[in-house]
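Open the structure in your viewer and keep the selection tool at hand. This tour tells you what to select next and what you will find there.

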Amino acid sequence: SCTNLDCQAANPTYSGHIALILQGQCVGCHNASNRQGNIDLSSYTQVKTYGANGRLLGSIKHSPGYVAMPQGTAKMDDCRIGLIEKWIAAGMPNN
């Protein structure tokens, strides 16, 4: 679960960190059968697309010009955002 994430992980993995965060925070509304905003974050390929184009970080960091996510609730904590940021900076490996 997300409560056991290692926020200090130097090299967060897709399977061990990113997918867990997205399952807990995003996939309920952004999946193949419920594509809110026409966005599906249920697979690595889809997540990599939004990681690469800046929309994933822009939205979860509540940056100006992006739709703040998760919608209608508080911003994700710095631990989760930091892990996603490190994973994107590392080239979004499928690990």
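The stops below go from the core to the aromatic rings, then to a loop residue and the cysteines. Keep in mind throughout that this is a predicted model.

**Stop 1: the core**

**Stop 2: Trp-87**

Stay on Trp-87. Is this residue buried or exposed? Its relative accessibility is 1%, so Trp-87 counts as buried. Next, bring up its surroundings, leaving aside neighbours within four places in sequence. Trp-87 is in contact with Pro-12, Thr-13, Tyr-14 and Ile-18, among others. Its contacts also include Tyr-44, Val-47, Met-92, Pro-93 and Asn-95.

**Stop 3: the aromatic rings**

Together, Tyr-14, Tyr-44 and Trp-87 form one aromatic cluster. How many aromatic pairs does a search of the whole structure find? It finds 3.

Look at Tyr-14 and Tyr-44 to begin with. Their rings pair edge-to-face, with 5.2 Å centre to centre and 80° between the planes. Tyr-14 lies in helix α1 and Tyr-44 in helix α2, so the pair ties together parts that are 30 residues apart in sequence. Tyr-14 has 10% relative accessibility and counts as buried. Tyr-44 is buried as well, at 16% relative accessible area.

Then turn to Tyr-44 and Trp-87. Here the ring centres are 6.3 Å apart and the planes stand at 80°, so this pair is also edge-to-face. Tyr-44 sits in helix α2 and Trp-87 in helix α4, so this pair ties together parts that are 43 residues apart in sequence.

**Stop 4: His-30**

Move to the loop between α1 and α2 and select His-30 there. This residue counts as buried, because its relative accessibility is 10% and buried means under 20%. What does His-30 touch, not counting residues up to four places away in sequence? The answer is Gln-36, Ile-39, Asp-40, Leu-41, Ser-42 and Met-69.

**Stop 5: the cysteines**

Select Cys-7 and Cys-79. The structure holds 1 disulfide, and it joins these two residues, Cys-7 and Cys-79, with 1.9 Å from S to S. The link of Cys-7 and Cys-79 is left-handed, with -100° about the S-S bond. Where are its two ends? Cys-7 is in the segment before α1 and Cys-79 is in helix α4.

Colour both ends by accessibility. Cys-7 is partly exposed, with a relative accessible area of 32%. Cys-79 counts as buried at 17% relative accessibility.

Finish with Cys-26 and Cys-29. Cys-26 is in no disulfide, and its nearest cysteine sulfur, that of Cys-29, is 9.0 Å away. Cys-26 is buried, with a relative accessible area of 8%. Cys-29 is likewise in no disulfide. At 43% relative accessibility, Cys-29 counts as partly exposed.

Terms used: Residues numbered from 1 in each chain as written. Predicted model: local features only at pLDDT ≥ 70, side-chain atom pairs only at ≥ 80, totals over all residues. Heavy atoms only, no water. Contact = heavy atoms within 4.5 Å. Helix = DSSP H or I, 4+ residues; strand = E, 2+ residues; numbered from the N terminus. Buried < 20%, exposed > 50% of the residue type's maximum accessible area, 1.4 Å probe, protein only. Phe/Tyr/Trp six-rings, centres within 6.5 Å; stacked < 30°, edge-to-face > 60°. Disulfide = S-S within 2.5 Å.
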